[in-house]
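Read it beside the sequence and the coordinates.

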Amino acid sequence: MLTLYRPFTSLLHDEFFGDRELTPRGGAWRTGQSFNPAVDIVENENAYLVKAEVPGLAPENIDVQVENDVLTVRGERKYENEEERGGYRRVERSYGSFARSFVLPKGTQADAIDAQVQHGVLTVTIPKAPAATARKVEVKGGGLIDKAKKIFSKPAEASGAAPQA
């Protein structure tokens, strides 16, 4: 299972607000000065899928990296300055840069990760490593008893001893 990587999580909690994180993310905490996309994580038989909402972001404005088993998705949505005269303008969309990090579970293939943006959704596919299959391992003897059996099981002629009468 993928887990959110937040090294300073304990510093960002507040008892007054019901132990919600004091980060600009979702609902009343969202402001027009920050952008932090919502992320869904899905596991299927062959891979983990990380889906992030990144509407209006071009693929060249998104960076996906894996380092030390941590998947990091970074990006930036730039504010487009438009002048309007004779009226006012209200902006409710969020702008700015973001970075989301997730610890990869054991058994993933970090070198085969794929990322695609389609219809404003970034999908990062993290393939699972093939399951190890059981195989039979031959057990070989090497103790004194096995060596003694080899020595004494040889025919008398092969050992160089003369047959007894």
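S9 and S10 make a hairpin that leaves 2 residues between the strands. His119, in the turn, has a positive phi of about 55°. Strands here are DSSP runs (E, at least two residues) numbered from the N terminus, and two of them pair if DSSP finds at least two bridges between them. Residues are numbered from 1 along each chain as its sequence is written. The model is predicted, so local features need pLDDT of at least 70, side-chain atom pairs count only at pLDDT 80 or more, and totals for chains, interfaces and linings use all residues, while side-chain values use heavy atoms, with hydrogens and water left out.

- Strands of a sheet pair through backbone hydrogen bonds.

**Strand pairs**

- S4 and strand S5 (residues 47-53) run antiparallel and are joined by 5 bridges; Val42 has Leu49 in S5 as its bridge partner.
- S5 pairs with strand S10 (residues 121-127) over 7 bridges, again antiparallel, and Leu49 is opposite Thr125 in S10.
- S9 pairs with S10 over 5 antiparallel bridges, and Val117 is opposite Leu122 in S10.

**The nonpolar core**

- The largest nonpolar core holds 16 residues; such a core is a set of buried Ala, Val, Leu, Ile, Met, Phe, Trp, Tyr and Cys residues joined through side-chain atoms within 4.5 Å.
- Val50, Val54, Leu122 and Ile126 have the most contacts inside this core.
- Two or more residues of the core come from each of S5, strand S7 (70-77), strand S8 (96-103) and S10.
- In soluble globular proteins, nonpolar side chains tend to be buried together.

**Thr123**

- Thr123 lies in strand S10.
- Its relative accessible area is 22%, so Thr123 counts as partly exposed (buried is under 20%, exposed over 50%, partly exposed in between, with a 1.4 Å probe and protein chains only).
- Leaving aside neighbours within four places in sequence, Thr123 is in contact (heavy atoms within 4.5 Å) with Leu49, Val50, Lys51, Asp114, Ala115 and Gln116.
- Thr123 and Leu49 are 74 residues apart in sequence, and their C-alpha atoms are 6.6 Å apart in space.

Methods:
Helices (H or I, at least four residues) and strands (E, at least two) are DSSP runs, numbered from the N terminus.
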